[in-house]
Amino acid sequence: MSPRHNRPRSGTSKPSTADRRDDEPGARYGLERSEDWRGEEWVVRQVGGSAGKPYRCPGCDQEIQPGVPHVVAWQRLGHVDDRRHWHKACWNARDRRGARLQRSRNAPRY
C-alpha cells in the first residue's frame, strides 16, 4: 500500500511560510487591525503561542505564561515601548472592567 498524500486536487497550492517574504505585513507576527478606544486609534495584533517569556496583562494584572495565545495592543501614534500584552478576554472586556490593579510594594510597574 502506498502512503497517503495530502495535496490539493485543484493544482493550486497555498504559499508556504518559506515562500512568504518578511517585508509583507503580517508575515512574521500575525495580522494587525485598528480599533478605536477612548478616542484613540489602537493597533491590535493577535499573537500565537510563540512568546518566549511571560508578560503581565494590564487588564487583570496576571501573568501571561509563555506559549499562551494573547493580544498585543498599542496606540497608533505611540512608541514601541508602549506595547502591552493582554489576555484576549481582558482586551475584549476592557470597557467593562475598572482599573483594580493591586500591586505589592516591590512589584514592577509595566
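Glutamate 35 sits opposite tryptophan 42 of strand β2. The strands involved, β1 (residues 32-37) and β2 (residues 40-47), run antiparallel and are joined over six bridges; pairing here takes at least two bridges found by DSSP between two strands. Two residues lie between the strands of this hairpin, and arginine 38 adopts a positive phi near 55°.

The model is a predicted one, so to speak of a local feature takes a pLDDT of at least 70, side-chain atom pairs count only at pLDDT 80 or more, and totals for chains, interfaces and linings use all residues. Numbering starts from 1 along each chain as its sequence is written, and side-chain values rest on heavy atoms, with hydrogens and water left out.

Taken as a whole, the protein chain holds one helix and six strands, in the order β-β-β-β-β-β-α along the sequence. Helices (H or I, at least four residues) and strands (E, at least two) are DSSP runs, numbered from the N terminus. Of the 110 residues, 22% are buried, where buried is under 20% relative accessible area, exposed is over 50%, and partly exposed is in between (1.4 Å probe, protein chains only). Among contacts (heavy atoms within 4.5 Å) with a separation of 6 or more, 44% link residues 24 or more positions apart.

Arginine 94 falls in the segment after α1 (88-92) and counts as buried, at 12% relative accessibility. Its side chain gets to the backbone oxygen of tryptophan 91 at 2.5 Å.

A search of the whole structure comes back with zero disulfides, a disulfide being a pair of cysteine sulfur atoms within 2.5 Å. Cysteine 57 is in none, with the nearest cysteine sulfur, from cysteine 90, 3.7 Å away. Cysteine 60 is likewise in no disulfide, and its nearest cysteine sulfur, also that of cysteine 90, is 3.8 Å away. As for accessibility, cysteine 57 is buried at a relative accessible area of 0%, whereas cysteine 60 is partly exposed at 27%.

Notes
Polar contact = N/O pair within 3.5 Å; in protein donor to acceptor, adjacent residues only side chain to side chain.
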